[in-house]
Structure formats: structure tokens, C-alpha cells
Amino acid sequence: MKKLKLFAVVLGAVALGVSSAAAAPPPGKGKPATAGATCRPKVTVVLKGTLTSSSAGSLGMAVKHGNRWARAYTTLGTATLVVDDSTKIRRNGKKLVTDLAVGDRLVVQARSCKADLTAEGTPPALTAVRVVAHPVKA
């Protein structure tokens, strides 16, 4: 009888160990890191303003309005955005960053880590996902 109880206890302990090992997420899954390229959650930052400067890889803009995640940029009044090959730029159709003119009205969407935006200090650098430009009103 003692052997049967001992066997049941050992079997129960083994079953608990197996179930907890099976419940662990596989590598790369589960609760992600809160900083870096794998930061979650990512939020969309929407900036509205005018173009102040442009180069092949970046845009400078005077920020006038934005969504709640853009508060740091609206407080500063300026933002410098990185533009890469995956950035969609529209100004009366598909355009390149070199087709934008200083003074154009811009609506820019960028993605950033929520933790970086809520942290104190200077806001993080943004990479633009989409840029919609409208010519200056006459």
C-alpha cells in the first residue's frame, strides 16, 4: 500500500512538472520586451504641421497638432522624421521626398514604442510610415 501511495505522489509530481513545462511559451513568444525593436505595444503617432526642411533621408516639420501620442512633439513645436524606402509619400499622387516643397501642409504617421513616448525627457526619433502633403493654400 505504501508503494502505491508513493507511486501516486511521484506520478502527480511528474504530471505537474510536465504541465508547467508545456505551458511555457516557445522561444520568441510570450510577453515581449519593453524596449528596442521588439517593443510592445507600438502606437501610431500622428503629427500635423508644415514642412520646414527636407533631405534624402529626413524631414523637418513644425508640429501644430497631433494625437495623444504626439504630445511631446506638439510641446516642442518641431520634429525631425526619418524617411526610408518603405515610407509612403503622397502629394497629388505618389511622390518622392525630393518632390515635397517647404511650406507644404503635412500629415505624418509614424510608429513608436508606447513606453518611449510616455517616458520623461526628449521624445524618441520617429521613422515616418506615411506622409501626406498638400500644397500651400493660395
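This is a predicted model: local features need pLDDT of at least 70, side-chain atom pairs count only at pLDDT 80 or more; totals for chains, interfaces and linings use all residues.

Me: Why is the pair aspartate 104 and arginine 91 called a salt bridge?

Reply: The cut-off is 4 Å between a side-chain nitrogen of Lys or Arg and a carboxyl oxygen of Asp or Glu. In aspartate 104 and arginine 91 the closest N and O atoms are 2.7 Å apart, and the pair forms a salt bridge. Both residues lie in the loop between strand 4 and strand 5 (105-113), so the bridge ties together parts that are 13 residues apart in sequence. A search of the whole structure finds 1 salt bridge.

Me: How do you know whether aspartate 104 and arginine 91 are buried or exposed?

Reply: Buried means under 20% relative accessible area. Aspartate 104 has 1%, so it is buried. Arginine 91 has 17% relative accessibility and therefore counts as buried too.

Me: And what makes threonine 50 buried?

Reply: The limit is again under 20%, and threonine 50 has 19% relative accessibility, so it counts as buried. Threonine 50 is placed in strand 1, and its contacts beyond four places in sequence include Met61, Lys64 and Asp104.

Me: What makes the link between threonine 87 and aspartate 84 a polar contact?

Reply: The N or O atoms of such a pair must be within 3.5 Å, and the side chains of threonine 87 and aspartate 84 are joined at 3.0 Å. The threonine 87 side chain also reaches the backbone oxygen of alanine 128, at 2.7 Å. Threonine 87 lies in the loop between strand 3 (78-82) and strand 4 (88-90). With 10% relative accessibility, threonine 87 counts as buried.

Me: How do you know that arginine 68 sits over the ring of tryptophan 69?

Reply: The distance cut-off is 6 Å from the ring centre, with an angle of within 35 degrees of the ring normal. Arginine 68 is 4.6 Å from the ring centre and lies over the face of tryptophan 69. As for pairs of aromatic rings, the count comes to 0.

Me: Which residues touch the most other members of the largest nonpolar core?

Reply: They are Val45, Leu47, Met61, Tyr73, Leu100, Val108 and Val131, out of 24 residues in that core. Strand 1 (42-54), strand 2 (58-66), strand 3, strand 5 and strand 6 (126-134) each supply at least two of its residues. Valine 45, for example, touches Tyr73, Val108 and Leu117, among others. In soluble globular proteins, nonpolar side chains tend to be buried together.

Methods. Residues are numbered from 1 along each chain as its sequence is written. Side-chain values use heavy atoms; hydrogens and water are left out. Rings of Phe, Tyr and Trp (its six-membered ring) pair if their centres lie within 6.5 Å; planes under 30 degrees apart count as stacked, over 60 as edge-to-face and the rest as tilted. Helices (H or I, at least four residues) and strands (E, at least two) are DSSP runs, numbered from the N terminus. Buried means under 20% relative accessible area, exposed over 50%, partly exposed in between (1.4 Å probe, protein chains only). A polar contact is a pair of N or O atoms within 3.5 Å; within protein, one must be able to donate a hydrogen and the other to accept it, and residues adjacent in sequence count only if both atoms are side-chain atoms. A nonpolar core is a set of buried Ala, Val, Leu, Ile, Met, Phe, Trp, Tyr and Cys residues joined through side-chain atoms within 4.5 Å. Contact means heavy atoms within 4.5 Å.
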